[in-house]
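Work through these exercises with the structure open beside you. Try each task before reading its solution.

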Amino acid sequence: MLALQRLTHTDADFDQQLQGLFACNQWLDPEITKTVTTILKDVQERGDVALLDYTRRLDQRKVTIDDIRISAEAMAEAADKIPAELRAALQQANDRVSAYHEHQRQQSWRYEDADGSVLGQQMMAMDKVGIYVPGGKAAYPSSVIMNTVPARVAGVDEVVMVVPARQGELNPVVLAAAHIAGVDYGFSIGGAQAVAALAFGTATVPAVDKIVGPGNHYVATAKRLVFGMVGIDMIAGPSEVVIIADASADPDWLAMDLLAQAEHDEDARAILISTDAAIIDNVQQCIDQRLVTMPRRAVIVASLENNGALIQVADLEMAAQVANQIAPEHLQLAVADPDRLAGNIRHAGAMFLGHYAAEVLGDYCAGPNHVLPTGRTARFSSPLGVYDFQKRTSLIKCSKSSASRLAGTAVLVARAEGLFAHAGAAALRITKD
């Protein structure tokens with residue numbers, strides 16, 4: 001039987017065990033930070049030469065600068081060659097994600113106050129963004145769609161993709177997804193060196209305004225270190241799901257949903273919270289039965305035994321409290337009345353309401369973005385969206401009379417701060433009439 005950690009609310013050390021489950025790993029490994037810092041500096045100073053050196057060494061590729069270019073034509077060709085049924089599925093996913101994100105676009109606005117000042121906010125899209133697509137343990141065409149669509153809906157002029165090609169192999173489905181989503185062009189590079197190229201620019205790779213997309217520890221660390229020179233979406237940690245279930249849930253469905261999450265990688269976290277001891281017992285049994293057929297069994301076992309848990313609580317109110325403490329990336333409410341329970345949830349990247357709303361549907365095609373805050377950052381962060389690719393500029397327009405009235409206030413505050421040139425500049429706007 002899989003050695004899944006079990007917690008019960010009556011345990012004397014329940015709170016301590018719970019704390020251990022969501023202890024945050026911020027990926028501040030000093031050795032990784034040192035390595036990434038060296039790579040960033042090297043690419044910044046030597047440009048394409050350093051970029052090719054790292055690509056040859058780390059991706060085992062004999063490569064020239066022309067070899068790393070991915071043209072729009074290559075993406076279109078890949079879309080033509082993949083099976084028609086798969087191409088249609090990618091197109092449907094893209095269309096649904098696009099339709100959802102259309103609702104997020106923010107508009108410019110202005111108003112005139114009683115003093116005659118016109119104030120407002122002007123919304124503008126970024127010029128150029130880079131999307132990082134993982135290419136290590138699996139291919140992720142869904143990541144291409146989820147990162148590209150909100151940028152396109154926002155009106156970004158140019159979307160540039162970077163994706164590692166281990167030993168020179170590029171996944172055609174990833175290229176097809178890039179074509180469907182509207183990527184302009186790309187480069188077959190990955191790791192911290194790809195982040196450096198996008199942040200600083202080289203003779204071949206353009207510098208962008210923002211870098212989005214998940215990656216390994218080195219990619220996450222690189223994004224953290226270049227933040228400030230460029231924008232980033234978030235520091236993405238291991239994927240996670242919390243499922244709250246009552247007696248109305250199907251144990252086999254719950255088991256598969258947990259297995260699906262654990263399948264990501266050994267660091268993924270899958271947690272079940274239930275008011276029903278029988279449900280927990282049955283889920284454990286279903287996991288054991290299903291596990292033997294899983295191709296990624298070793299990954300799942302490592303994930304569940306190291307990071308998974310089955311938690312029994314007194315009632316759904318307590319379940320919501322525990323979920324809020326964990327603040328998960330994904331939260332499934334597999335209960336009879338999910339809408340009512342959702343009102344008690346304060347911290348989650350995405351909520352899946354009811355037995356039919358499986359988290360995996362959100363991964364691919366439901367519509368909302370699957371780029372979500374992890375590692376308890378849902379307490380203060382939100383899913384990737386159109387708003388991440390729009391900038392806001394404040395607008396201030398004063399009439400002669402409104403400037404005079406505002407200047408009187410500004411003079412007093414400026415003098416209190418000891419900034420007398422500020423006060424003088426404001427005083428020049430004060431009129432006598």
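**Exercise 1: A histidine in a loop**

Task: Find which residues His347 touches, leaving out those up to four places away in sequence.

Solution. Step 1: list the contacts, where contact means heavy atoms within 4.5 Å. Not counting residues up to four places away in sequence, His347 touches Ala323, Asn324, Ala327, Pro328, Ala378 and Arg379.

Step 1: His347 sits in the loop between helix H14 (338–342) and strand S14 (350–353). Helices (H or I, at least four residues) and strands (E, at least two) are DSSP runs, numbered from the N terminus.

Step 2: decide on burial. Buried means under 20% relative accessible area, exposed over 50%, and partly exposed in between (1.4 Å probe, protein chains only). His347 has 18% relative accessibility, so His347 counts as buried.

Before you go on, note the ground rules. The model is predicted, so local features need pLDDT of at least 70 and side-chain atom pairs count only at pLDDT 80 or more, while totals for chains, interfaces and linings use all residues. Residues are numbered from 1 along each chain as its sequence is written, and side-chain values use heavy atoms, with hydrogens and water left out.

**Exercise 2: The whole chain**

Task: State how many helices and strands the chain has, and what share of its residues is buried.

Solution. Step 1: count the elements. The chain has 17 helices and 15 strands.

Step 1: take the burial share. Of the 433 residues in the chain, 49% are buried.

Step 2: look at the extent. Along the principal axes, the C-alpha atoms fill a box of roughly 85 × 60 × 45 Å.

Step 3: check the contacts. Take those between residues at least 6 apart in sequence: 74% of them join residues at least 24 apart.

**Exercise 3: The nonpolar cores**

Solution. Step 1: define the core. A nonpolar core is a set of buried Ala, Val, Leu, Ile, Met, Phe, Trp, Tyr and Cys residues joined through side-chain atoms within 4.5 Å.

Step 1: describe the largest one. This core has 38 residues, and those with the most contacts inside it are Leu90, Ile131, Val144, Ile145, Met161, Val183 and Phe389.

Step 2: name the suppliers. Helix H4 (72–81), helix H5 (84–102), strand S5 (128–132), helix H6 (141–154), strand S6 (158–162) and helix H7 (172–181) each supply at least two residues of this core.

Step 3: look for another core. A second, separate core of 31 residues includes Val43, Ile65, Ala196 and Val208.

**Exercise 4: Helix H3**

Task: Find which elements the buried residues of H3 pack against.

Solution. Step 1: pick out the buried residues. In H3 (residues 48–58) they are Asp48, Ala50, Leu51, Leu52, Tyr54 and Thr55.

Step 1: find the partners. These buried residues pack against helix H2 (30–46) and helix H8 (191–200).

Step 2: look past the helix end. H3 is followed by Gln60, whose phi is positive, near 50°.

**Exercise 5: Disulfides**

Task: Count the disulfides in the whole structure.

Solution. Step 1: set the rule. A disulfide is a pair of cysteine sulfur atoms within 2.5 Å.

Step 1: search. The count is 0 disulfides.

Step 2: Cys365 is partly exposed, with a relative accessible area of 30%. Cys398 is also partly exposed, at 38%.
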